[in-house]
Amino acid sequence: MLILEFLVKRIAQGLLIVFITSLIIFTLLRVVPGDPVRLIVGGMAPPDVVEKVATKMGLRDPIIVQYGRYMRGLLQGDLGQSYLRPRSGMIAAGGQYVDPTKSDMAPVTDLILERLPFTLQLGGMALLFALLISFPVGIAGGLHQHRWQNALAFGMQSLFVSIPNFWLAIVLILFLSVKLKLLPALGYQGFSYVILPAVVLAVEIAPFIIRTLTTSLGEVMQAPFIDEARVRGLSRRRIVYSHALRNAAVPLVNLLGIQLSTLIGGVLVIEYIFDYPGLGNLTVVSVVGRDFPVIQGIAITTSAVFVFINIIVDLVAYLIDPRVEI
Amino acid sequence: MDLSLILEIDDLTVGATTPAAAPILDRISFRLSTSEIFGVYGESGAGKTVLSRALANWLPESLEYRAGRVAFAGHDILGTGAREVRIGRDIAYIGSKPQSSLDPTVPVGVQIAEKLHSVRPEWNGRECRDRVMQLLDEVRIPSTKERYWDYPSKFSGGMMQRAMIVDAICAEPAVLIADNVTQPLDVTIAAQIVALLHDLCTRHKMATIYLSSSLPTLGQFGDRTAVLYQGRFVEQQAFAELLASPQSDYTRKAIASVPRMWETAEGPLARRQAQGEAPLMKVENVHRTYRARKRGTFNTYSNVQAVRGVTLDIMPRENFGIVGESGCGKSTLTRLLAWLETPDSGSIVLNGTSLGALSSRDLIRKRNEFQLLLQDPYNALPPRTTVGRMIEESLLIRGSFKRADLRKRVIAAMAEVGLAAELYDQLPNALSTGERQRISIARALILDPKLLILDETLSALDQREQGRLIELFSKLQDKNDLTYVFISHDLAMVRKVCTRIAVMYLGEMVEIADNRDLFFDPQHPYTKALLSAAPTLEEKPFDASDFLLEGEPPSPIDIPAGCSFASRCPKAFGRCRVETPRLVEHSPGRLAACHLLDGDEAQAAA
Amino acid sequence: MTATTVIAAEPEPRSARVRSVNRRILAAAWGMSSFKIGFFVFIALLLASAIYPEVSSVSATKMVVKDKFLAPVYLGDKWTWDHLLGTDQLGRDMLMRSLIGLRYSLLVGIVTVLLIFIIGCGLGLFAGFKGKWWDTIIMRITDAQLSIPMIILAITILGVSRPTVPTIIIVLALSGWPLYARVARSAAVAERGKEYVRGLRVLGAGDWRILLLFAAPNILPPIAFVAVLDVARMMIFEAILGFLGLGIQPPTPSFGSIIADSRKYLLNAWWIGTIPGIFLAVALTSINLMGSALEKARNRIYGGL
């Protein structure tokens with residue numbers, strides 16, 4: 001019953017958040033300079049052609065009208081159609097005029113659904129790698145506050161946080177892929193293409209996990225109930241693994257919810273560098289091409305994913321620690 | 001009784017790991033036989049906690065054993081015998097912080113069973129669970145089956161201490177170490193726990209070391225008692241002899257410092273209400289209910305009735321006391337009296353003006369007349385502000401002043417409360433509790449108030465400092481025509497200073513009477529219970545065991561019909577559970593809300 | 001004579017205890033060698049990027065075709081003393097380009113964090129102290145803003161409009177404030193419940209007076225210490241934007257664009273991509289060392305760790 005109330009409330013709140021997000025992104029796209037029509041019709045087209053196409057596409061209506069139209073579509077699950085990509089999946093070459101009002105343009109929903117699994121796969125692997133790196137280091141650092149394990153965790157976290165992801169990506173591509181030919185890097189032709197980008201992303205996320213884990217575990221180990229567990233007769237293994245870690249997990253789970261946007265942001269850049277066919281790559285290409293419906297669709301999708309994962313995060317935090325307010 | 005030796009302590013010396021430091025425990029030696037209860041008295045800082053930890057081979061990292069031997073049934077637990085003796089099974093420990101003793105993320109019962117299973121692996125999970133359930137029942141935790149699965153945060157302090165007792169005794173230890181177990185609890189609850197523990201120790205034949213900073217509590221055990229002072233046992237003898245003929249000066253002083261309430265019949269003189277005199281503050285039928293969201297429901301709230309219809313007249317120049325245990329609503333009442341919160345219904349009239357009717361601008365001006373001194377002098381002062389700046393703030397809120405003028409007034413106020421003028425430019429970090437409390441007083445006093453509300457103001461202070469402040473208060477009263485309202489749980493303090501006292505239970509006043517009447521002839525059963533449970537070494541003017549309360553107060557969310565005390569009252573009868581008694585003046589100046597008194601009157605009339 | 005020495009000796013321990021929490025945090029951080037290393041490296045880089053381009057006659061943008069692909073000194077077949085760290089594919093001096101890049105990177109990082117701090121903490125304090133409707137509205141906007149990854153927001157705005165230094169700063173600041181708003185709000189809510197706030201209310205002080213004069217000086221410094229870490233994060237974002245072609249536009253050099261351009265020459269002229277990478281990494285490490293040391297010191301002082 002408590003969980004049901006929580007879900008209903010949070011989903012309602014989530015819808016509100018997604019709605020505000022869509023409003024922000026929709027307005028931003030239309031108030032900042034940069035006319036998509038100019039790109040669609042090509043630089044050479046005379047201004048009256050631009051105006052004609054723009055009016056036909058509805059881009060000259062007041063923003064509120066455009067937004068209403070967009071929302072109506074959204075409620076029916078329709079995110080609109082791409083300005084640039086035809087159904088066949090080929091990008092219209094610059095200057096070549098494809099009429100974006102015709103129905104042969106790819107629906108944004110399809111474009112996103114096609115790419116989403118790739119991105120989720122990459123994100124999931126990256127998270128897994130990050131946890132594999134940071135758990136041993138973070139736990140050791142948290143348990144031994146004044147020993148070398150803590151210094152190791154501190155050093156590793158400072159180092160990782162200081163490596164720009166794109167730079168690491170280039171270096172890894174150069175050495176592991178081009179020189180040593182250990183792993184494939186560019187494009188996507190199978191699972192092995194995920195490993196390198198996932199490693200780069202993992203290095204980006206790991207320092208946050210290490211830091212939270214060392215701090216929160218260190219704090220929990222000072223708690224009176226951990227101290228008293230010893231005199232109650234529990235073994236050290238039991239104290240650490242079934243009580244201290246459990247309590248230290250709550251801040252960690254919350255952190256994952258908040259750092260999710262870093263992860264998504266990282267995915268975007270990494271996909272672009274590795275030419276990985278996910279949502280991030282699509283975003284960069286769409287932004288450069290001013291493909292408004294695709295950008296909007298992606299923003300709404302990521303914010304929905306963000307909201308959804310944060311609901312799960314809070315639920316997990318509650319299941320671990322019943323004192324957490326949900 | 002089996003009198004075989006179970007614990008031998010020889011020359012136990014413990015100190016910090018840095019060798020230069022003086023030892024914290026110095027050559028402690030004693031013997032303990034099975035089923036024996038051994039009391040250890042020591043004030044805070046005497047080394048009680050270190051002693052209790054040292055006996056369980058559980059020293060913190062900063063301390064080490066320097067010498068001595070702790071032998072359990074012949075095995076030296078610090079050396080060769082460590083394998084034979086299992087801490088948690090053979091030697092168990094109960095501490096003074098039940099609320100933080102268990103993992104907050106795991107149900108209480110589960111954790112106790114987990115402990116039991118890990119120290120007694122020969123018992124399977126089911127047996128452990130059944131045993132824990134049965135013991136929870138034995139320590140009188142109601143509805144054991146549900147409580148087993150509740151999380152620690154759902155337990156009150158008293159209930160949690162019971163659970164920790166179960167945790168300690170479930171593995172059938174031969175030695176139990178109880179370190180100040182009643183310290184955080186209310187007096188009536190503490191009395192229950194002491195009685196329970198005493199009973200369990202004899203029934204389960206555990207040798208018990210009971211360490212406490214309260215001599216009266218140790219008196220309830222009555223056996224051999226040691227006095228710990230600066231890490232040494234200054235004496236060891238049976239409790240009665242200890243009281244009758246203390247061997248050391250320290251013990252004598254300790255006995256003398258236990259507060260006495262019934263020693264003299266004298267007390268602060270009641271200031272009789274003169275004919276036609278108007279009360280300074282008139283509290284009329286004040287209610288305050290909080291809405292707490294009910295978890296697991298959609299937008300439904302439960303009502304926490306914190307203050308339920310309080311009516312009081314506070315006369316000019318009197319010391320009015322309000323006593324009650326935690327959860328009785330006195331903090332809420334304090335906030336209402338200080339007008340930090342507004343009552344849902346009812347009114348508070350100060351000097352003829354109803355506070356509710358004032359605009360916020362007028363209220364700031366009116367606030368000059370009544371001021372609140374907060375309980376905790378460490379948190380009540382804004383951080384990183386100099387002493388002078390803090391006191392000035394009272395005036396600066398009300399307008400701007402010339403620098404020099406301001407400084408002069410502040411220093412005058414500081415002098416009045418006994419603070420040196422040099423402190424003006426200093427931060428209060430290095431000041432003692434008493435000095436900080438004086439800053440609070442100066443801050444209020446500079447506004448020239450008529451009424452001071454003191455919320456547990458004196459309870460954080462040691463006896464000496466408390467005495468000085470009481471003196472200061474009475475001096476200020478004579479000089480400035482002050483009226484005080486003391487809100488406290490400390491009966492001894494109230495007995496010393498208050499002229500008239502109100503007893504609060506579950507949001508209501510159950511009895512209001514003059515100091516002497518209340519302490520020597522309490523009317524309401526709750527007042528009697530409260531006084532019976534008060535830790536003193538004196539003969540009480542009535543039989544304390546008659547009023548040992550059962551259970552805990554009902555939740556302010558579901559207050560039962562009838563008298564709210566009926567569920568714990570040893571004298572409750574049919575009418576109490578149906579009809580709520582009203583606070584009536586049974587004899588001049590003595591008000592009580594109890595049906596039993598009606599009966600007396602009826603009998604007397606008959 | 002003895003009396004005076006006693007009096008003279010007295011204030012010592014007292015003033016030690018009087019030191020405020022913030023001073024203690026700073027002192028604790030300063031006691032860690034990692035903080036000192038970070039601090040000195042950072043100051044050196046800051047001075048180098050501020051002074052060297054002003055006093056040197058070498059240009060960061062002048063192309064000298066005959067000097068292209070010069071390696072750093074002693075590190076290749078072709079090098080000269082004129083270009084200590086070599087030249088790029090167009091014969092531009094790498095040292096100068098890296099220092100100018102660092103200059104912009106630091107400028108964007110520091111100014112952005114200042115803006116974020118002001119906007120985020122301002123809104124957060126306001127929401128937390130005011131409560132009720134203000135709180136709900138501000139926090140819902142924060143949530144929405146938080147749910148769009150900042151990089152998407154940034155590249156959307158910058159990709160669609162033309163990137164300049166002020167727009168980059170504004171965009172990064174706009175997308176970075178929500179976390180600060182959250183932290184400041186929860187700190188303000190916690191502060192509002194404290195005893196001393198009640199004490200001031202009893203004296204008659206109003207909300208704003210308490211918030212500005214007493215609460216904010218408590219809430220803000222701990223947040224500011226950790227904000228140091230975000231300078232590094234913002235510098236990375238600036239580089240990412242440059243890498244995507246959405247940062248400071250050529251010919252002005254920036255780390256991101258230099259590294260992006262260098263990709264083609266990585267195998268034959270490794271230094272073009274590596275040298276700005278090293279500059280960036282050293283700058284980031286120095287900031288992170290300071291930031292983590294401050295954070296650690298803060299946790300130690302507050303949490304007793």
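## Polar contacts between chains A and B

A polar contact is a pair of N or O atoms within 3.5 Å; within protein, one atom must be able to donate a hydrogen and the other to accept it, and residues adjacent in sequence count only if both atoms are side-chain atoms. By that rule, 14 residue pairs, both at pLDDT 80 or more, are in polar contact across the interface of chain A and chain B. The structure is a predicted model.

On chain A, the helices α1 (2-31), α9 (224-232), α10 (236-274) and α12 (292-320) each supply at least two residues of the side that touches chain B. The largest share, 7 residues, comes from α9(A). By class, this side of chain A has 12 nonpolar, 4 polar and 11 charged residues.

## Extent of the A-B interface

The contact involves 27 residues of chain A and 32 residues of chain B. About 2700 Å² is buried between the two chains, and carbon and sulfur atoms give 50% of that area. Within chain A, the residues that lose the most area to chain B are Glu5(A), Val231(A) and Arg232(A), which together make up 28% of what that side buries.

Salt bridges across the interface of chain A and chain B number 3. One of them pairs the side chains of Asp227(A) and Arg53(B), at 3.0 Å from N to O. Over all chains, the structure holds 49 salt bridges. Asp227(A) belongs to helix α9 of chain A and Arg53(B) to helix α1 of chain B, so this pair joins two chains. Asp227(A) is partly exposed, with a relative accessible area of 26%. Arg53(B), at 12% relative accessibility, counts as buried because that value is under 20%.

## The C-A interface

Between chain C and chain A, 48 residues of chain C are in contact with 50 residues of chain A. The two chains bury about 4400 Å² between them, with 78% of this on carbon and sulfur atoms. There is 1 salt bridge between chain C and chain A. Glu295(C) forms a salt bridge with Arg211(A), their closest N and O atoms being 3.4 Å apart. Polar contacts between chain C and chain A come to 5 residue pairs, both residues at pLDDT 80 or more.

The side of chain C that touches chain A draws at least two residues from each of α6 (132-147), α7 (150-160), α8 (165-192), α10 (207-243), α11 (255-262) and α12 (271-303) of chain C. Helix α12(C) gives the largest share, 15 residues. By class, this side of chain C divides into 27 nonpolar, 14 polar and 7 charged residues.

## Annotated span in chain A

An unreviewed UniProt entry carries the annotation "domain: ABC transmembrane type-1" for residues 116-317 of chain A. In the model, this span is 85% helix and 0% strand, and its end C-alpha atoms lie 26 Å apart.

In chain C, the side chains of Asp143(C) and Arg182(C) meet in a salt bridge with an N to O distance of 3.0 Å. Asp143(C) lies in helix α6 and Arg182(C) in helix α8 of chain C, so the pair ties together parts that are 39 residues apart in sequence. Asp143(C) is buried, with a relative accessible area of 12%, while Arg182(C) is partly exposed at 32%.

A salt bridge at 2.7 Å, N to O, links the side chains of Asp230(C) and Arg233(C). Both residues lie in helix α10 of chain C, 3 residues apart, about one turn of the helix. Asp230(C) counts as buried at 13% relative accessibility. In chain B, salt bridges that share partners join Glu8(B), Asp10(B), Arg31(B) and Arg69(B) into one network.

## Backbone geometry and a separation in chain C

Most residues other than glycine have a negative phi, and most peptide bonds are trans. Asn57(B) has a positive phi, near 50°, and lies in the loop between α1 (48-55) and β4 (63-72) of chain B. Asn57(B) is partly exposed, at 37% relative accessibility. Arg317(B) also has a positive phi, of about 65°, and sits in the loop between β12 (301-314) and β13 (319-323) of chain B. Arg317(B) is partly exposed, with a relative accessible area of 26%.

The peptide bond from Pro250(C) to Pro251(C) is cis, with omega near 10°. Pro251(C) lies in the loop between α10 and α11 of chain C. Ile278(C), in helix α12 of chain C, is partly exposed, with a relative accessible area of 43%. The C-alpha atoms of Ile278(C) and Ser98(C) are separated by 9.6 Å, although the two residues are 180 residues apart along the chain.

Key
Residues are numbered from 1 along each chain as its sequence is written. Chains are lettered from A and ligands numbered from 1 in the order in which they are written. This is a predicted model: local features need pLDDT of at least 70, side-chain atom pairs count only at pLDDT 80 or more; totals for chains, interfaces and linings use all residues. Side-chain values use heavy atoms; hydrogens and water are left out. UniProt positions are given in the numbering used here, feature names are shortened, and annotations may be inferred rather than shown by experiment. Helices (H or I, at least four residues) and strands (E, at least two) are DSSP runs, numbered from the N terminus. Contact means heavy atoms within 4.5 Å. Buried area is the accessible area (1.4 Å probe) that two parts lose on being put together, summed over both. A salt bridge is a side-chain nitrogen of Lys or Arg within 4 Å of a carboxyl oxygen of Asp or Glu. Ala, Val, Leu, Ile, Met, Phe, Trp, Tyr, Cys and Pro count as nonpolar, Asp, Glu, Lys and Arg as charged, and the others, Gly among them, as polar. Buried means under 20% relative accessible area, exposed over 50%, partly exposed in between (1.4 Å probe, protein chains only).
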